[in-house]
Amino acid sequence: MAPKHHSGFSSGRTVKAKDLHYIQRTADAELLAHCRAGRPAYILHSPQMGKSSLIAHTAENLNATGHHAVLIDLSQFPLPPREEEWFDKILGILDDSLDLETDAATWCEHHQALPPDSRLMRFVTEVVLPAITSPLILFIDEIERTEMLPFREHFFTWLSTLYEARATDSNFYRLSFVVCGVATPSQLIPPGGPLVFQWSHRVVLSDFTLQEILPLAEGLSLPTDTAIEAVTWIFRWTNGHPYLTQLLCQLLEEQHRTAWLESEVDDCVQHFIHSPQGLREPNLQLVRTALTEPDLD
């Protein structure tokens with residue numbers, strides 16, 4: 001669903017408040033600090049916890065302060081997965097994002113004999129790092145897509161090599177990466193595989209506190225006091241879950257009302273939970289179960 005022009009909320013794969021109301025968490029400062037220090041990091045968490053919004057916001061901050069942040073969304077990569085296409089896709093994203101003077105297509109033709117992962121590594125070494133002087137951070141989103149790759153060990157070996165190359169080439173201290181997605185390290189890399197997650201920093205996401213979500217009231221077309229009350233009532237339903245909190249804020253905004261009572265918010269949320277749209281929302285299943293299970297007390 002496309003965001004409504006009058007609303008401060010959006011829904012879809014990445015749900016977040018408009019830029020003025022981006023909700024900061026401890027993870028924001030933590031991830032930004034590690035990126036600026038050149039330390040690889042990973043965010044592996046359950047769905048709809050704001051992972052993609054976090055890395056997009058961090059990338060914006062880095063680009064605004066003299067860094068080069070490149071977003072690599074694996075959900076946009078070709079299927080069925082072919083090793084050469086995947087590695088060449090990354091190469092193309094680097095070329096497009098960094099506006100390199102070297103003609104990447106010609107360069108690739110001259111290095112066609114190399115295996116795909118080796119060709120990409122050589123491109124980073126010979127073309128990318130010599131061309132830029134600022135730190136470069138790769139944000140690799142939807143990392144769970146690699147579980148289907150027959151060549152996934154090559155992919156994670158390439159990531160490991162980016163870090164391990166620091167031992168012999170100081171230019172690689174200017175390059176780091178952030179891995180993001182819905183998975184666990186053991187699901188992505190089998191025992192004995194590359195050590196990416198052993199020397200990368202884990203960023204843990206938490207639900208929003210009530211204080212953190214209060215700025216969302218500014219996105220509601222309500223008097224200030226009423227909007228703050230409405231957000232507080234929503235918090236009692238979601239306990240600060242990032243996706244659900246903003247989804248329900250959007251739900252209220254779409255009613256085009258100028259006033260709400262707490263009981264009316266409760267009725268609106270309950271109606272949505274059991275509506276066809278609500279039934280399609282997997283994130284609402286726990287709430288729905290709590291409403292329908294008998295009270296055992």
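Residues are numbered from 1 along each chain as its sequence is written. Because the model is predicted, local features need pLDDT of at least 70 and side-chain atom pairs count only at pLDDT 80 or more, while totals for chains, interfaces and linings use all residues; side-chain values use heavy atoms, with hydrogens and water left out.

**Exercise 1. The whole protein**

State how many helices and strands the protein has, and what share of its residues is buried.

Solution. 
- Step 1. Helices and strands are DSSP runs, numbered from the N terminus (helices: H or I, at least four residues; strands: E, at least two). The protein has 13 helices and 5 strands.
- Step 2. Burial is judged by relative accessible area: buried means under 20%, exposed over 50%, and partly exposed in between (1.4 Å probe, protein chains only). Of the 297 residues, 50% are buried.
- Step 3. A contact means heavy atoms within 4.5 Å. Among contacts with a separation of 6 or more, 72% join residues 24 or more positions apart.

**Exercise 2. Helices α1 and α2**

Determine how the axes of α1 and α2 are oriented, and which residues meet.

Solution. 
- Step 1. Axes are lines fitted to C-alpha atoms, for helices over the stretch in contact, and angles run from 0 to 180 degrees between N-to-C directions. The axes of α1 (residues 26-36) and α2 (residues 51-63) come within 10 Å and cross at roughly 50°.
- Step 2. Angles under 35 degrees count as roughly parallel, over 145 as roughly antiparallel, 65 to 115 as roughly perpendicular and the rest as oblique. The helices α1 and α2 are therefore oblique to each other.
- Step 3. The crossing of α1 and α2 is right-handed; a crossing has this hand if the near helix is turned clockwise from the far one by less than a right angle, and is left-handed if anticlockwise.
- Step 4. From α1, the residues A27, D28, L31, L32, C35 and R36 meet L54, I55, H57, T58, N61 and L62 of α2. This contact of α1 with α2 comprises 7 nonpolar, 3 polar and 2 charged residues. Here Ala, Val, Leu, Ile, Met, Phe, Trp, Tyr, Cys and Pro count as nonpolar, Asp, Glu, Lys and Arg as charged, and the others, Gly among them, as polar.

**Exercise 3. The surroundings of L31**

Decide whether L31 is buried or exposed, and list what it contacts beyond its sequence neighbours.

Solution. 
- Step 1. L31 belongs to helix α1.
- Step 2. Its relative accessible area is 0%, so L31 is buried.
- Step 3. Leaving aside neighbours within four places in sequence, L31 is in contact with A41, I43, L54, I55, T58, F139, V178 and V203.
- Step 4. The C-alpha atoms of L31 and V204 are separated by 9.7 Å, although these residues are 173 residues apart along the chain.

**Exercise 4. Helices α3 and α5**

Solution. 
- Step 1. On the α3 side, E83, E84, F87, D88, I90, L91, L94 and L98 meet P116, D117, R119, L120, F123, V124 and V128 of α5. By class, the contact of α3 with α5 has 10 nonpolar, no polar and 5 charged residues.
- Step 2. A salt bridge is a side-chain nitrogen of Lys or Arg within 4 Å of a carboxyl oxygen of Asp or Glu.
- Step 3. D88 counts as partly exposed because its relative accessibility is 29%, whereas R119, at 1%, counts as buried.

**Exercise 5. The salt bridge of E262**

Identify which residue E262 pairs with, and where both residues lie.

Solution. 
- Step 1. E262 forms a salt bridge with R236, and the closest N and O atoms are 2.5 Å apart.
- Step 2. E262 lies in α11 (residues 262-273) and R236 in α9 (residues 224-238), so the pair ties together parts 26 residues apart in sequence.
- Step 3. E262 counts as partly exposed at 30% relative accessibility, and R236 counts as exposed at 55%.
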